[in-house]
Amino acid sequence: MAEYLIHEHDVLIIGAGGAGLRAAVEASAAGVEVAVISKSLLGKAHTVMAEGGIAAAMANVDDRDNWRVHFADTMRGGQYLSNWRMAELHAKEAPARVRELEAWGALFDRTNDGRILQRNFGGHRYPRLAHVGDRTGLEMIRTLQDQGVHLGFDVFMEHTIVKLLKDGERIAGAFGYDRERGRFHLFRAKAVVLATGGIGRAYTITSNSWEYTGDGHSLAYHAGAALMDMEFVQFHPTGMIWPPSVRGILVTEGVRGEGGVLRNRNGERFMFKDIPLLYVNQTANSEEEGWRYTQGDKDAKRPPELLTRDHVARCIRREVREGRGSPHGGVFLDIAWIKERIPNAVEHIKKKLPSMYHQFKQLADIDITQEPMEVGPTTHYMMGGVRVDADSQMSDVPGLFAAGECAAGLHGANRLGGNSLSDLLVFGQRAGGYAATFSQKNSLGDVDTAELRSAENWALQPFERKGSENPYAVQHRLQETMQELVGIVRQEDEMLRALDCIRDLRSARERVSVDGNREYNAGWHTALDLYHLLTVSEIVTKAALQRKESRGAHFRDDFPEKDKQFGLFNIAVRKGANGAMQFSHEAIPPMRQDLQQIIEEMK
Amino acid sequence: MATATFRIWRGDKAQGQFRDYNAEVAAGMVVLDVVHQIQMEQAGDLAVRWNCKAGRCGSCSAEINGMPKLMCMTRLNTLALDKPVTIEPMKAFPHLKDLVTDVSWNYKVKQLIPKFKPRPADAPDGTWRIAQEDVERVQEFRKCIECYLCQDVCHVLREHKMQEQFIGPRFLVHVAALEMHPLDVGDRLKDLRTQFGIGLCNITKCCTKVCPEGIAITDNAIIPLKERVVDRFFDPLSKLFRVFTATKT
């Protein structure tokens with residue numbers, strides 16, 4: 001007989017980052033009973049790593065900004081694969097979500113007249129990111145956490161979900177374990193919100209923490225929900241590359257927003273060499289003009305360093321491949337040079353980019369106010385995720401919602417910097433609200449005890465096996481496979497090889513064994529996370545094989561051009577009746593006339 | 001490649017002991033890298049808490065050669081590797097397993113602190129106007145990553161176990177962030193004096209020394225709060241003034 005603790009709530013939220021906490025605040029405010037599952041301690045989610053800011057067209061710095069411009073920027077950045085309704089809601093609602101954070105105690109940097117300051121970021125036409133130095137994510141999560149503490153929702157810290165439960169077609173709850181003692185828990189709920197973040201741990205070089213193993217993606221897929229846009233994995237152009245132990249740690253785009261420039265080993269500003277057609281009209285013609293833009297000159301256009309992340313990452317890769325890289329295989333990111341332009345540059349840099357200063361000083365012995373940083377691309381963000389209704393964030397499974405990074409739609413083929421934190425707030429709020437409403441209209445679903453027993457047996461298998469596979473080693477092999485074969489530049493034969501490797505690793509996972517007992521056993525947790533990681537890795541690879549073109553974050557060496565036909569649909573995947581992955585091409589619905597007009601006007 | 005010995009606390013609530021692990025070390029490595037390497041190759045069930053590995057989330061707090069530190073920000077070249085490096089869990093909290101402690105008390109304390117309460121909005125659009133300099137003073141406190149190293153080192157909590165009477169430096173910083181917030185109109189001075197136990201701090205500044213964010217905990221947060229409490233409750237003139245104006249105490 002399965003042994004587990006039972007919890008009952010109206011709304012269960014899986015994930016305690018920005019989206020999960022915002023959803024929890026909203027659902028609690030609606031008066032329903034809410035539980036939040038947090039894989040780590042509360043307040044440690046990956047949202048704390050967000051540095052640059054929250055994109056919201058508040059027009060505090062440049063009064064030409066408004067939701068229409070933000071909408072057009074987001075659609076252009078996403079290469080027109082984004083769900084236009086989500087992009088519309090996001091652009092319209094982000095300012096209110098930011099002001100709400102302020103009313104809950106967040107303290108953003110200010111303009112001279114005392115309003116919320118906004119900074120430049122890649123792909124945004126006007127200064128748009130509300131920020132707190134370079135630790136905006138921490139400010140956001142702490143504000144939501146402190147607001148939530150007094151709302152009285154239940155938080156299950158250091159708990160992990162291994163399976164979603166359904167009653168017929170609809171959601172009925174989730175099954176998981178606690179890290180501390182390894183006990184199993186049944187969470188019954190009328191509605192479930194997935195807010196689990198990304199999949200970065202499928203790659204060797206990543207800015208993501210151990211938690212980002214695609215749990216929400218995999219849980220939703222196995223529960224029968226459709227995922228889409230899974231071929232679009234964002235490689236952030238600037239991660240640390242030296243020393244090896246810090247490889248992948250993020251260097252904020254804010255460095256470039258403050259005037260930082262990219263150079264190759266010859267000292268050349270290589271970003272000027274290749275400016276995509278979509279952005280020619282918005283990009284500076286000279287280094288001088290680019291500098292003026294970063295200093296707030298409204299007549300100047302932005303420097304090419306602030307082009308979208310997909311493009312900058314590929315340009316860096318090109319410089320390295322063609323022998324113009326830095327000593328450790330990246331390029332140089334230089335903010336120290338601004339001392340040629342402004343007095344007290346050293347103090348200015350420390351004030352605007354305190355975490356970056358600290359991070360390089362402490363981890364790499366580099367003083368960024370005096371010398372350039374070495375940077376290279378790092379796996380950063382998953383554009384793809386659970387396919388949801390734009391307004392309610394509900395998936396194909398009634399009662400199952402998704403918000404934030406684990407949901408698809410807003411970012412299309414490439415996410416703009418700053419659009420993630422705003423995504424978490426706008427769609428976290430919506431998911432929480434709609435989930436609460438759903439829970440008020442439905443009762444608790446029934447749970448199949450035989451299903452729980454089999455989930456428990458499955459989860460305990462690594463203890464019973466006397467196999468030869470080490471879970472950490474299997475994870476490591478998967479990461480190398482994805483990094484080498486399904487990375488920033490892809491081609492068919494490599495991805496087919498990746499699928500072979502993934503098949504082998506799947507059987508290796510079935511031989512994984514772990515030592516010790518169930519209490520706080522990291523080896524056991526890794527063995528269970530592997531299931532999700534393998535699921536999403538296979539989906540990413542298969543979706544990438546299907547998209548025979550290059551668009552946004554997805555670049556194919558064998559199909560280097562954009563193909564109009566591929567701009568007409570999103571690639572979706574569902575688990576078929578026989579358990580096999582079924583891919584489909586979902587036509588993008590025609591854009592509403594008024595939105596279409598905005599796109600035309602902003603070209 | 002050089003090797004070094006790492007003496008790691010292994011065990012659960014009931015019992016534990018140091019165990020030595022030899023590990024290869026390379027340029028630029030931090031203590032958390034070594035712990036991960038040992039976990040992957042020699043001790044699969046080694047319990048360690050970590051997340052961002054970049055000094056932002058405050059999860060990997062431990063005592064390294066007796067000093068409370070973040071494992072992810074402690075580079076090996078700052079340690080003497082010719083003798084074993086000891087890595088132990090924080091001492092001020094109940095032990096769970098290996099390097100992991102039960103820090104749930106901190107979450108309970110936070111719930112006691114009255115929440116942010118803003119003054120009515122200044123501007124017609126329902127927002128506020130705040131000067132940058134007023135923001136900066138409080139931003140120092142809001143940098144806190146809740147690693148609880150200050151709680152770990154505070155002798156009121158660590159030696160005297162006064163968790164029931166004293167909220168500790170982390171939460172005095174939190175109260176300071178609220179009390180000095182340019183918009184906040186809440187009043188937490190009475191709580192500070194009574195249930196938060198600010199009088200128990202005798203400003204030895206141990207907390208300030210271990211803060212990985214460099215927050216001047218004692219000078220900028222605790223001492224100004226102590227001054228406010230003294231002004232409110234122990235200054236005879238203002239006490240008399242309050243009798244006549246009947247303001248709240």
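**View 1. Polar contacts link chain A and chain B.** In this predicted model, 39 residue pairs are in polar contact across the interface of the two chains, both residues at pLDDT 80 or more. Five helices of chain A each supply at least two residues of the side that touches chain B: H3 (84-103), H4 (136-149), H10 (354-364), H13 (471-485) and H15 (522-546). H4(A) gives the largest share, eight residues. By class, this side of chain A has 24 nonpolar, 19 polar and 20 charged residues.

**View 2. A salt bridge joins Arg142(B) and Glu139(A).** Their side chains meet at 2.6 Å, N to O. Across the interface of chain A and chain B, the rule finds eight salt bridges.

**View 3. Chain A and chain B bury area between them.** The size of an interface is often given as the accessible area lost when the parts come together. Here the buried area is about 5000 Å². Carbon and sulfur atoms account for 53% of that area. Lys44(A), Leu107(A) and Tyr520(A) lose the most area in chain A to chain B. Together they make up 14% of what that side buries. In terms of contact, 63 residues of chain A meet 59 residues of chain B.

**View 4. Helix H2 of chain B holds buried residues.** H2(B) spans residues 104-112. Trp105(B), Asn106(B), Tyr107(B), Val109(B) and Lys110(B) are buried.

Terms used:
Residues are numbered from 1 along each chain as its sequence is written. Chains are lettered from A and ligands numbered from 1 in the order in which they are written. This is a predicted model: local features need pLDDT of at least 70, side-chain atom pairs count only at pLDDT 80 or more; totals for chains, interfaces and linings use all residues. Side-chain values use heavy atoms; hydrogens and water are left out. Contact means heavy atoms within 4.5 Å. Buried area is the accessible area (1.4 Å probe) that two parts lose on being put together, summed over both. A salt bridge is a side-chain nitrogen of Lys or Arg within 4 Å of a carboxyl oxygen of Asp or Glu. A polar contact is a pair of N or O atoms within 3.5 Å; within protein, one must be able to donate a hydrogen and the other to accept it, and residues adjacent in sequence count only if both atoms are side-chain atoms. Helices (H or I, at least four residues) and strands (E, at least two) are DSSP runs, numbered from the N terminus. Ala, Val, Leu, Ile, Met, Phe, Trp, Tyr, Cys and Pro count as nonpolar, Asp, Glu, Lys and Arg as charged, and the others, Gly among them, as polar. Buried means under 20% relative accessible area, exposed over 50%, partly exposed in between (1.4 Å probe, protein chains only).
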